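Let's take a walk through this protein together. Have the sequence and the 3D view ready, and follow along one stop at a time.

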Amino acid sequence: MDDAQQLADRYVAVWNETDDERRRQAIAELWVPEGEHYVELREVRGYAGLEKRIIESHVKWVRDGGFRFRAAKDARGLHDVVTFHWEMVPKDGGEVAASGLEFLAVDKQDRILVDYQFPL
């Protein structure tokens, strides 16, 4: 893992992205083609599933909810795993409304193989 915090920041940025093409490009740069994402009872695989999941979250929390996601400055990498906390905050500032722990398994190019999201 070259730079865990940089990966965390790029990961969170994709959930805030408003442009469809930039979002697709970011997904392809972050995940392997058959990348997996798990949160609670949801599980998605591949770029199409990831894009659908991210768009649903974006619409609910960013576009309609008025929030932004940010990575806490606590990202750590060890071999092929990266962990960090994320926060959801009002876009105009204010208290943290939600947070979670991200556990990412990455390949040799630091692309996400499996993404486990644990809302706190």
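## Where two helices meet

Val14, Trp15 and Asn16 in helix α1 meet Arg53, Ile54, Ser57, His58 and Val62 in helix α3; contact here means heavy atoms within 4.5 Å. Helix α1 covers residues 4–16, and helix α3 covers residues 46–63. Helices (H or I, at least four residues) and strands (E, at least two) are DSSP runs, numbered from the N terminus.

Two packed helices are described by the angle between their axes and the distance between the axes. For α1 and α3, the angle is about 70° and the axes are 8 Å apart. The axes are lines fitted to C-alpha atoms, for helices over the stretch in contact, and angles run from 0 to 180 degrees between N-to-C directions. So α1 and α3 are roughly perpendicular to each other, a label for angles of 65 to 115 degrees (under 35 is roughly parallel, over 145 roughly antiparallel, and the rest oblique).

## What we're looking at

This is a predicted model: local features need pLDDT of at least 70, side-chain atom pairs count only at pLDDT 80 or more, and totals for chains, interfaces and linings use all residues. Residues are numbered from 1 along each chain as its sequence is written, and side-chain values use heavy atoms, with hydrogens and water left out.

Buried means under 20%, exposed over 50%, and partly exposed in between (1.4 Å probe, protein chains only). Beyond its neighbours within four places in sequence, Glu51 is in contact with Arg24 and Ile27.

Now hop over to Arg68, in strand β3 (residues 67–71). Arg68 has 38% relative accessibility, so it counts as partly exposed. If you skip residues up to four places away in sequence, Arg68 touches Asn16, Glu87, Met88, Val89 and Lys91. Glu17 is 51 residues from Arg68 along the chain, yet their C-alpha atoms are separated by 9.9 Å.

## Two loop residues with positive phi

Glu40 sits in the loop between β1 (31–39) and β2 (42–45). Its phi is near 50°, a positive value in a residue other than glycine. At 69% relative accessibility, Glu40 is exposed.

His79 is in the loop between β4 (76–78) and β5 (81–90). Phi of His79 is near 55°, again positive in a residue other than glycine. His79 is exposed, with a relative accessible area of 69%.
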